[in-house]
Structure formats: structure tokens, C-alpha cells
Amino acid sequence: MTESIIRENPISYKKTIVINGEFIVSLLFGFFLFLSFFETYLQGIFGVFTRYYLFIFLVVIVICIPRLRLRWYHLVYLAWFAYKIISALWTPNLYIARLHLVSHAGMTLLLILTTSVNFKKRTSDLFVQILWLSSFLTGILFVFLKRPYLGVHINRQVIYLFGMEMDPNNLAAFLVIGIIISIYYIIKRRLRLLSILVIIVNTYSTFLTGSRGGLVALVLSTIILILFTAKSKVIRPVNIILLMALLVIAFIYLRRFIPESIYNRLFNFDSYEGGSGRVDIWINALSLFGENSLFWGAGWGAYFGYQGFEVVVHNTFISMLVDVGIFGFVLFFGPIVVASFILIKHKNVLPVVLLLNSFVLCLFLDAINKRFFWIPIIMLFIDYNLLSSSNELEELTHKGELVYE
């Protein structure tokens, strides 16, 4: 009798690794996430090899995953990319379009193909851990390999490795990722000691970058994460209070180690008004937007050279509006807004907050071709897919249409 029950209800407590298409794609995507943090420095040794890696990865997805699932938002992003190419027909300046065409195509394909794979929840959690540890490693490298930006700007520190360095704002974006995930882990009572260490190291490193956008992103992301998770019944108010106290103490303690020039740059709020000349660039770009069709846009990269401003806009959202107008803007950000609201409704806030960090920095940078811009978007839709799949399973179960193999 006992033997027959065991046969009918086989339960295995051993975790086995099945090497299949999903496993290979997950492994390669996890490595891509890791590479994204250090791509700039590795170019000093290997050149732009990550472009070739990305191409190989996309080919592997097509080969290894026989059933890629095309979702509604994939069609929207294909429409956005097609329209952006079409907009180059009426732009007065093709410089930006030629410069970014390959990166736009690669990132759009990465978004569509990666989110066409039906990843499992544990795989999504693994991706988050890779982001967390990669960000922590970035903070550690910063502590030991920092130097003034471009060798002269003492109020902005960056990692200098293999003869290469990253823009301080980009570096801050990657550092804040680790802080956000650490706060999330502390609230969820996971890996608390290591998370506290990550917060200390990465907050210190973020401050030394002198990135005002990084500071704003850090503060806003922390507040939003705490407010959203505080609504959960499993989070006790005392844990929230202790976490906020820890963050305040960390800020006060780190003040002792921050050079005066960097501290004045970050906390002299009067200097924020001009945005290092960004406001004039934004006004110039918006005037071009106003002179052309608000709905269709002025064309890909039309702002470059307009009225003598041969610079990028330093604001991803304004850049998008000028390029492809309200139509292209809604195509790109509409699916993100929909997926974010659905995830928040189901209390899955981490991918939304990671996206918030990226978007805050996008207010000060042209990040449409940056890894820190696209990775949170992909992570958002991976979790959205998981939620959609679970809802579909529930509906099939209620209808009695689910068949177990």
C-alpha cells in the first residue's frame, strides 16, 4: 500500500539542474547582466567585444527556445523602433541616428527576445541577485580604484581600471541598484548583514561620484520602496523605523569621509538650478519640439546642431519627445506604465523601484543607448510575464481546462 502511494505521488526533495534551452539562455543573460556593469573597463582589454556577445546571445535565444512567446507589448516596441527609423526621413540632422542605430536595434531586439522566454520565478530572483552582487563588486572596486574624473575633476570620483573610466552619472546608476536591492532584502528579512555592508559601501561610492542625479535617484527610490513595502501586512512598522534610522546614521557617518568639494557639489542646492548648463539645452530642444508637429516629432536627432547646440539633450524624455513626438513617446513608455501599475497592484514593487532609479537619472542624461536604462525595463517585463502567466494558469484551473502531464 505504501509503495503504491509513493509511486502515485512522487516527491523529490533534491534540487536538480536541468540543462535545457531555458537554462542556457538564463546563464547567458545572467552573464550579460554582469558584463553590463563592467563593459566600459573591459573595453580596455578586449575592445567592444560585448556587442559580439550580445549578437551571439540573441542568436542563442532563437536557436535554444523553440517556443518564443510574442506578447502585446512586443508589437508596440517593434512599432516604436520602426517609427523611429521612419522619423529619420524628415530629421534635419542624421548624426545621432547614424551614431545610435546599431545600439537601438540591439537593445530593442534584446528586450523583445529576452522577454519572449518564459523564465521561472527562481530564475528572475537569480537575475536580481546577479544585479545585486555586480553592483556590490562595483562599489568595492570604487573604494580601491577611485580617482578624479578625467584625472582632474576632484569633486567627482570614478573607477579607473585598465585605462578606462565611466561617466560618474552612469556609475552612480549602477551603484544605486545594489542599495535598492539591499534595502528590499532587509525589509524582507533576507541577507541582512551583507545588505547593510552593501548599503554602506555603495552609498559612500555614490556620494563620491558627485552625481546629483544619483543622489536624487537614491533618495526617491528609497522613499518609494519603503512606502510601498510598508503597506504589506508582513512588514512590521518597527522594521521600517529601524531601517530608516540605519539609513540616516549611514548618511551622517559617511559625511565624515566625503571631501568638502564633493559635499558642496551634492548639497549646495542653489547650484542645482542651472543643471550644469542643461536647462539651456532643454529649453533649446523644447523650442524645436514646439516648432514642429507635437504629435509626430521633429525626427530622430533633430535637436543636434539646432541653433548652434551641437550637444545631446541630457534628458532622455525630452530627447524622445523631440525625436518621435507624443506618438512615439506613448508607444515607448505606455507599456512600461501599464506593467508598472499591474506589478504595484500585486505588491511586486522591486522592479518598479529599480526602474524609477534609472528614470530619475534619465532626467539628466541621454540614456536611450545605456545598459542601466534597458536592464530595469527588461526586468520589469520579466516579472510582468510571470504575473500574467500565473493569472492565466488560475483562469484555466477555474475553467477546468488545465491538463497536468
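Predicted model: local features only at pLDDT ≥ 70, side-chain atom pairs only at ≥ 80, totals over all residues.
So, D125 has a relative accessibility of 29%, which makes this residue partly exposed, where that label covers everything between buried (under 20% relative accessible area) and exposed (over 50%), with a 1.4 Å probe and protein chains only. Its salt-bridge partner is K121, with 2.7 Å between the closest N and O atoms. K121 is partly exposed too, at 47%.

Numbering runs from 1 along each chain as its sequence is written, and side-chain values use heavy atoms, leaving out hydrogens and water.

By salt bridge I mean a side-chain nitrogen of Lys or Arg within 4 Å of a carboxyl oxygen of Asp or Glu. That rule gives five salt bridges. One of them joins R371 and E39, at 3.1 Å from N to O. R371 belongs to helix α15 (residues 371–399) and E39 to helix α2 (residues 21–46), so this contact ties together parts 332 residues apart in sequence. Both R371 and E39 are buried. Helices here are DSSP runs of H or I with at least four residues, strands are E runs of at least two, and numbering starts at the N terminus.

Next, E165 and R147 form a salt bridge, with the closest N and O atoms 3.2 Å apart. E165 is in strand β3 (residues 164–165) and R147 in strand β1 (residues 146–149), so parts 18 residues apart in sequence are tied together. E165 is buried at 18%, while R147 is partly exposed at 26%. R147 also has its charged end over the ring of Y160, 3.7 Å from the ring centre; the test asks for NZ of Lys or CZ of Arg within 6 Å of the centre and within 35 degrees of the ring normal.

Now the rings. Phe, Tyr and Trp (its six-membered ring) pair when centres lie within 6.5 Å, and planes under 30 degrees apart are stacked, over 60 edge-to-face, the rest tilted. The whole structure has 38 aromatic pairs. Among them, F37 and F38 are tilted, with centres 6.3 Å apart and planes at 40 degrees. F37 is buried at 1%, and F38 is buried at 7%.
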